[in-house]
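Thanks for asking me to look this one over. Here are my notes, in numbered points, to read beside the model.

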Amino acid sequence: MILDSFELNGKVAIVTGCNTGLGQGMALGLAQAGCDIVGINQSAPEETEKKITATGRRFLDLRADLSSIKDIPKLIEKAVAEFGHIDILVNNAGIIRREDAIEFSEKNWDDVMNVNSKTLFFMSQAVAKQFIKQGNGGKIINIASMLSYQGGIRVPSYTASKSAVMGITRLMANEWAKHGVNVNAIAPGYMSTNNTEQLRADGDRSKEILDRIPAGRWGLPEDVMGPVVFLASKASDYVNGYTIAVDGGWLAR
Ligand code: NAP
């Protein structure tokens, strides 16, 4: 039956940056659908671990600084040693730096591109190799942004990195579909997390943004739970290379 194709019992999902925000919401959604979770974080993910284990699923706490790709082989090895297989990867960890384009520094460029694009690609590559070795496909879900479609203001490296995410999501789908690997992305709209703290604290910008969201509210981590479960499940087997906006209608305006 159709609802059975959404369940994820016995699956293992890696979620990067799941100690807070959207990553925590997606890890919890995947656990509720049946996944054991491998969390890759810089900071302690205690709250997430508590929420995941309360669903009856297991949580493996791995730590790494994803501004570099050097730990990726070790992380995959540890996940496989613990669970025996990996079925889903959610590339969620991401950062943003705000500075006028005219003054924007090389460091603010490189730091953001490294986490948001470079690590996302090499993490996907490493997990795709594992999927191919396992021989029964897999699901990769990248976290894009409204700035995969639009220019934004004062965030040049973020716009570049998230536009890259939408592009390489398509490329990876093109190359790995033949192995049963689906690579899709979720583009969240304006969500209430640490990432948008500065925007929400600026009365004028906050009002400007809210006035443009047809849903009339900022998004929440719960809003990405359904979409990530869909993209991680059999229900989306024929969806590939696509970026789904979860934006309360922002792009429709
Ligand atoms: P957030 O609360 O700032 O979460 C970002 C996550 O990424 C945190 O878990 C953070 O861990 C992790 N992270 C950052 N740098 C890392 C590094 N070097 N190594 C390991 N982990 C690292 O913001 P969020 O809104 O939930 O963001 C999640 C994703 O959604 C990001 O890719 C973001 O760009 C994207 N997004 C957010 C919005 C929005 O409106 N909020 C909109 C579109 C897209 P630490 O706390 O340990 O640093």
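1. Asp211 is partly exposed, at 45% relative accessible area, whereas Lys207 is exposed at 52%. (Buried is under 20%, exposed over 50% and partly exposed in between, with a 1.4 Å probe and protein chains only.) The two form a salt bridge, with their closest N and O atoms 2.6 Å apart; that term means a side-chain nitrogen of Lys or Arg within 4 Å of a carboxyl oxygen of Asp or Glu. They sit four residues apart in helix 7 (residues 203–212), about one helical turn. Helices (H or I, at least four residues) and strands (E, at least two) are DSSP runs numbered from the N terminus.

2. A word on the source: this is a predicted model, where local features need pLDDT of at least 70, side-chain atom pairs count only at pLDDT 80 or more, and totals for chains, interfaces and linings use all residues. Residues are numbered from 1 along each chain as its sequence is written, and side-chain values use heavy atoms, leaving out hydrogens and water.

3. The salt bridge count comes to 13. One of them links Asp36 and Arg57 at 3.5 Å, N to O. Asp36 lies in strand 2 (residues 36–41) and Arg57 in the loop between helix 2 (46–54) and strand 3 (59–63), so this pair ties together parts 21 residues apart in sequence. Asp36 is buried at 10%, while Arg57 is partly exposed at 24%.

4. Do look at strand 6 (residues 181–188) too: eight of its eight residues are buried, so the strand is largely enclosed by the rest of the structure.
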